[in-house]
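This briefing goes with the model shown below. It covers strand pairing, helix packing, a disulfide and a loop residue.

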Amino acid sequence: MAKKSRTPAPPRKVQAPQRRVEQRRPRTAEERKTLWISIAFAASGVAAISIVAALFFVFGRGGGSAPKAVPANLVGLQTGPAPWNAGLDHLSDRVGPLGIGSVGAEGQGVLTHIHMHLDVFVNGKKKTVPALIGIFNTAGGFITDIHTHDTTGIIHVESPSKSQNFSLGEFFGVWGVRFTPKCVGGYCKPQTQWKLYVNGKPYAGDPTKLVLEKHQELALVIGKPPPNIPATYAFGGL
């Protein structure tokens, strides 16, 4: 007689292990203070990074260094009325204190070559910006990083550095014309009012610290302004 097979018993249900959840204890006052300080530091760090990025965008577009301060007592400054001459008599005495570089020939070792234009008006009449500002042509001659070639008012910035910026104050220092926030040449506020315009708009900052940039139109308006303040200049291929 065959042995009757035994039906296996159904599997036992195994209960999954239960995760033990501990009740979180409330933070102490000291722990809450520490947490808020950490959050505040993190937030201030993000804000600081944002501010630095914004300042770099506004002021550091060219990636250049800030212009040097112009010494107050340069030799041979012209302090009379316009027009002013090219100021070559004491140019070699001013180059050192200004910290302006120079080369022996045009275009020598130049990495930056940009142009801007300057108009000078006195009581509505245009005055000449002389040729050869910053160009010493006698024996042992040299050309400074900021100069003019002719009487068009075009300023040439030619530098062996890609990162150095130059200011309008430095140009006037090379020119040998007194230029401070109060005085230009022989015209001083409040006796004589004068104003700098950049691309046709009044410049509110310190005019001596204005950074020279490519294709700027600069207008120095002394006394009564002309009928129209120039906003652009035709630089041609420059």
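Two strands count as paired if DSSP finds at least two bridges between them. Helices (H or I, at least four residues) and strands (E, at least two) are DSSP runs, numbered from the N terminus. The model is predicted: local features need pLDDT of at least 70, side-chain atom pairs count only at pLDDT 80 or more, and totals for chains, interfaces and linings use all residues. Residues are numbered from 1 along each chain as its sequence is written, and side-chain values use heavy atoms, with hydrogens and water left out.

**Sheet**

- Three strands form an open sheet in the order E1-E5-E4, and their pairing is antiparallel.
- Strand E1 (102–103) and strand E4 (135–136) are at the edges with a single partner strand each, so one side of each has no neighbour in the sheet.
- E1 and strand E5 (residues 142–144) run antiparallel and are joined by two bridges.
- Val103 has Ile143 in E5 as its bridge partner.
- Helix H2 (residues 91–98) packs on this sheet and touches E4 and E5, where contact means heavy atoms within 4.5 Å.
- The direction of H2 makes about 45° with that of E5; axes are lines fitted to C-alpha atoms, for helices over the stretch in contact, and angles run from 0 to 180 degrees between N-to-C directions.

**Helix pair**

- The axes of H2 and helix H3 (residues 168–175) cross at roughly 155° and come within 8 Å.
- H2 and H3 are therefore roughly antiparallel to each other, a label given to angles over 145 degrees.
- On the H2 side, Leu91, Arg94 and Leu98 meet Glu170, Gly173, Val174 and Trp175 of H3.
- The residues of this contact comprise four nonpolar, one polar and two charged; Ala, Val, Leu, Ile, Met, Phe, Trp, Tyr, Cys and Pro count as nonpolar, Asp, Glu, Lys and Arg as charged, and the others, Gly among them, as polar.

**Disulfide**

- The whole structure has one disulfide, defined as a pair of cysteine sulfur atoms within 2.5 Å.
- Cys183 and Cys188 form a disulfide with their sulfur atoms 1.9 Å apart.
- The torsion about the S-S bond of Cys183 and Cys188 is about 115°, so the disulfide is right-handed.
- Cys183 and Cys188 are both buried (under 20% relative accessible area, with a 1.4 Å probe and protein chains only; exposed is over 50%, partly exposed in between).

**Loop residue Asp145**

- Asp145 is in the loop between E5 and strand E6 (146–147).
- Asp145 is buried, its relative accessible area being 4%.
- Leaving out residues up to four places away in sequence, Asp145 touches Ile100, Gly101, Ser102, His156, Val157, Glu158, Ser159, Pro160 and Phe166.

Terms used. Parallel < 35°, antiparallel > 145°, perpendicular 65-115°, else oblique.
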